[in-house]
Amino acid sequence: MEQLAVTVEGLTVKYGSFVAVDNISFKVRSGEIYGLLGPNGAGKTSTLKVLVGVLEPSTGKIEIFGTPITDEVGAKSQIGYVPEEVVLLDSLTPREFIEFVADIRHLKASAVNAKLERLTTAFEITQCFDTPIAALSMGNKQKVAIIAALLHEPKLLILDEPLIGLDARSSKILKELITFHAKKGGAAIFSTHIMEVAEKLCTRVGIINKGQIVGDGTVEDLRKLVKSAEGSLEDIFLKVTEQETGMREIIRALEEE
Amino acid sequence: MKVSELWRLSSTIYREISFQSIFSLRSGATLPQRGRTSINQLAKRAKTNTLISKIITSIFIGIFGFMMLFASTTTMGTLEPLRESALVGAISAFLAVVLFLIIIMGLQVSTTMISSKIVETLSVFPLTREDTSKVVFLCLIRIFDLPLITATLTLLVTYAFLGGSPLGFLASLLGIIVTGIFALTLTIGLAKFFYSKVASGGGRSKWKTLLRIIFMFVWILPSFGTYIVVNFAVEIARSFTAFTQTFSSTLQLLVIAYPFSFGFLVSFASSLQNISYPILSLSIAASLAYSLLAFYALRWLTRTIRRMGAAGAAGAMRETVRDTIVKPRTPWVGIIRKDLRVASRAPSLASILLLPAIQTVVLAIAFSSFSEVGFSTAMGILTGMSVTMLLLSPTLFSIEGLGSAYTLSFPLEKKTLISAKTTLIAFIYMLSLIVLSAVAFLMGRDFTYILTFGGIQTFSILAASMIELLIIANKYWKKGFSLSNIYAKLPTYIMILLLGIVIVSIPMTIAFVTYILMEQLTIPIFLISVLSEFMLATFIVTREK
């Protein structure tokens, strides 16, 4: 039976007087990959940061597999998170960092080491394992964050732009891992700007614009929303976020220069 | 490009380095997402912090320089040979102090300068390599401008005030210029050393870890040197003077060692009476040799900055990895292990963690001149030790600010975090007590009082640390925390420290009163009061989730 993995009701996030997320609600079920799409500064990252407990909401009710996020330890134990801007403890090496993550998450050496070997091999990061994170490339830092997020086999994966900086191989592996995670009954919330990826990977998408959800459902549902029988997710996205208006004129003007 | 334009350009680069230097301490913290005002405020704060750091160093140089130069030359007697030796000692000590203070002030920002790839950014602009090099050098001058100007003025004005000669004035000027160049060279050299051996050094083996700790000690030695210099400024000047007076003529070969050569040169240039021509010749030759060395140091400096800046983090060490095995422990041990690992690569953190032990040595030496180390002296030392210990909580908590935009997503309980940091503080305090015992043993003094009361005081320090940590944790849990953050919020920082001081002062005051009224009950009453505090603090913290 499908279980509610994430319940967000009336979430608002404010930075001073600026409202970044304005009273949004959505649900994600187990087995789903939910894509959170939106233009830059729409409120995607703020929403995800609230879900993982990095930011405190101004108002709103959030539950992770039935656990309210006010029970911080209970809720966070079920989440694996990859942030948009990967700034880990840069002075540590990946080994030291992963060890710290394993300490905090009460993981057993026997379980963690077997999984770690598979993941480091899959993401080709073994040779960087004793090099300070500060000296790693952006892609390799991203891989360390992904491994740290998958290590404890979380029920919910929250991935904020996880493909940025990844090479094609790692990107493919990550997408397969997310799909497999959902098939096993887990859930994933995935933010991206790459519409093709969202269209192929996500079960449902939520489009957020100026802090509000302007579209939520499968690609088919969204097509109905914009009253178009065809068109890619990119076209739908540009329509619902009202970014299409005047775009052709701008492109033409740029080409004429 | 004109020098004025390059100077203006260096101002922008300097602002960026200051910003990165301050906020490298909060790397990965949750910076305000919105509102340009907040970011602008952070940038302004970084600029102000750097300026404050420069002003404080300048004040130190001014005050201690004046004290050393003036006090040592006016109290050493008026007989000419004595006065000359005093001048040698005072000038040499002053130059040593300037060297140390400038190095310690500039290390953090210089390390940022080297690691920030700032030259790489500059190379995109239409500037020649020579201009780029000049901009970086001007930037270096901007980092050290106030302290260097203060050092020069302090020496020259005090020298003039003491009635020096024009020739001595010129010799002093040469001495301070050479010292300034040496200070800049050593700062960049140490920053480069730190960056290549400590910051970018990984490695898993115990040998590599040991090597990193040794490198770290080498790197932070100047800071401890400065600390001792600041504490014993006048004593050092007098020791330098005594040194030059008591040594036989053969050992006056000290004249060839920096900074004595400049001390002798200024002294000879001040008074042409009782001149020993061989020593005068040696001092002139040595001073010229050091000036030549300074010239080459300056060339090395400009080349190094340009090269290091362009290379950036690319020069980091790569290790041969045999396996990917990790050894997880409990969260509590994990936090301690992580804190020690982070501190072993961050000099600003490592030096603060080691400060209590160093402070203890300084206090023990200072108090050892007392004929008897009794109850009141012991309490005096303990007060000093306690205040230094209370600085540790904010520093240790600041480590949580690193990468907090990510690590806050971990399922970590506040009480686990607080208990881990408190345990670390207990270890550091124990280390201070061990150091104290060692100093007492070496000096042949009876430090029973200090060790007894110091041992009992542990619980009070832990109680104060727990409460400090709890306040900081509650205040900043959701905002990302850092050392720079807490220094920027000075009233909060002072309030937290004051509360800690009140907590450690209560049992000490009780002990004092008991000692006056019923001496034999001092230890039991003191023990009961510190244990009560400790239990109360533990109770408060364990209620936290």
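This is a predicted model: local features need pLDDT of at least 70, side-chain atom pairs count only at pLDDT 80 or more; totals for chains, interfaces and linings use all residues.
Colleague: What radius of gyration does chain A have, and what would a compact globule have?

Modeller: The C-alpha atoms of chain A fill a box of roughly 55 × 45 × 40 Å along the principal axes. Of its 257 residues, 49% count as buried. A compact globule with 257 residues would have a radius of gyration near 18 Å, and the value for chain A agrees with this, at 19 Å.

Colleague: Among contacts in chain A between residues at least 6 apart in sequence, what percentage join residues at least 24 apart?

Modeller: A contact here requires C-beta atoms within 7 Å. Among the contacts of chain A between residues at least 6 apart in sequence, the share that joins residues at least 24 apart is 70%.

Colleague: In what order do the strands of the four-stranded open sheet of chain A lie?

Modeller: Strand β1 (residues 4–15) and strand β2 (residues 18–29) of chain A run antiparallel and are joined by eight bridges. Leu4(A) stands opposite Arg29(A), and Lys14(A) stands opposite Val19(A). The edge strands, each of which pairs on one side only, are β2 and β5 of chain A. The pairing in this sheet is antiparallel, and the order in chain A is β2-β1-β4-β5.

Colleague: Which residue in the turn between β1(A) and β2(A) has a positive phi?

Modeller: β1(A) and β2(A) form a hairpin, with two residues between them. The positive phi in the turn, about 65 degrees, belongs to Gly16(A).

Colleague: Which residues of chain A have a positive phi although they are not glycine?

Modeller: Most residues other than glycine have a negative phi. Another lies in the loop between α3 and α4 of chain A, has phi of about 55 degrees, and counts as partly exposed with 14 C-beta neighbours inside 10 Å.

Colleague: Is helix α5 of chain A mostly covered or mostly uncovered, and against which elements do its buried residues pack?

Modeller: Helix α5 (residues 138–150) of chain A reaches 19 Å from its first C-alpha to its last, close to the 18 Å expected for its 13 residues. The helix is mostly covered, since eleven of its 13 residues are buried, among them Lys141(A), Ile146(A) and Leu150(A). These buried residues pack against five elements of chain A: β6 (79–82), α3 (94–104), α4 (109–122), β7 (156–160) and α6 (168–183).

Colleague: With which residues is Leu151(A) in contact, leaving aside its neighbours within four places in sequence?

Modeller: Beyond four places in sequence, its contacts are Ile98(A), Val101(A), Ala102(A), Leu107(A), Val112(A), Lys115(A) and Leu116(A).

Colleague: Which helix of chain B gives the most to the side that touches chain A?

Modeller: The contact takes 44 residues from chain B and 49 residues from chain A. On the side of chain B, α11 (331–343) and α15 (404–407) each supply at least two residues. By class, this side has 20 nonpolar, 13 polar and eleven charged residues. The element that gives the most, with six residues, is α11(B).

Colleague: How far apart are the end C-alpha atoms of helix α16 of chain B?

Modeller: Helix α16 (residues 414–443) of chain B has 30 residues, which at 1.5 Å a residue should span 44 Å. Its buried residues include Leu417(B), Ile425(B) and Leu436(B). Just after the helix, Gly444(B) takes a positive phi of about 65 degrees.

Colleague: Which residues of chain B does a cis peptide bond join?

Modeller: Most peptide bonds are trans. In chain B, a bond with omega of about 5 degrees is cis, and its proline lies in the loop between α8 (233–246) and α9 (260–270). The residues joined are Tyr258(B) and Pro259(B).

Definitions and conventions
Residues are numbered from 1 along each chain as its sequence is written. Chains are lettered from A and ligands numbered from 1 in the order in which they are written. Two residues are in contact if their C-beta atoms, placed from the backbone, lie within 7 Å. Ala, Val, Leu, Ile, Met, Phe, Trp, Tyr, Cys and Pro count as nonpolar, Asp, Glu, Lys and Arg as charged, and the others, Gly among them, as polar. The radius of gyration is taken over C-alpha atoms; the globule rule is 2.2 Å times the number of residues to the power 0.38. A residue is buried if 20 or more other C-beta atoms lie within 10 Å of its own, exposed if 12 or fewer, and partly exposed in between; C-beta atoms are placed from the backbone. Two strands pair if DSSP finds at least two bridges between them. The expected span of a helix is 1.5 Å times one less than its number of residues.
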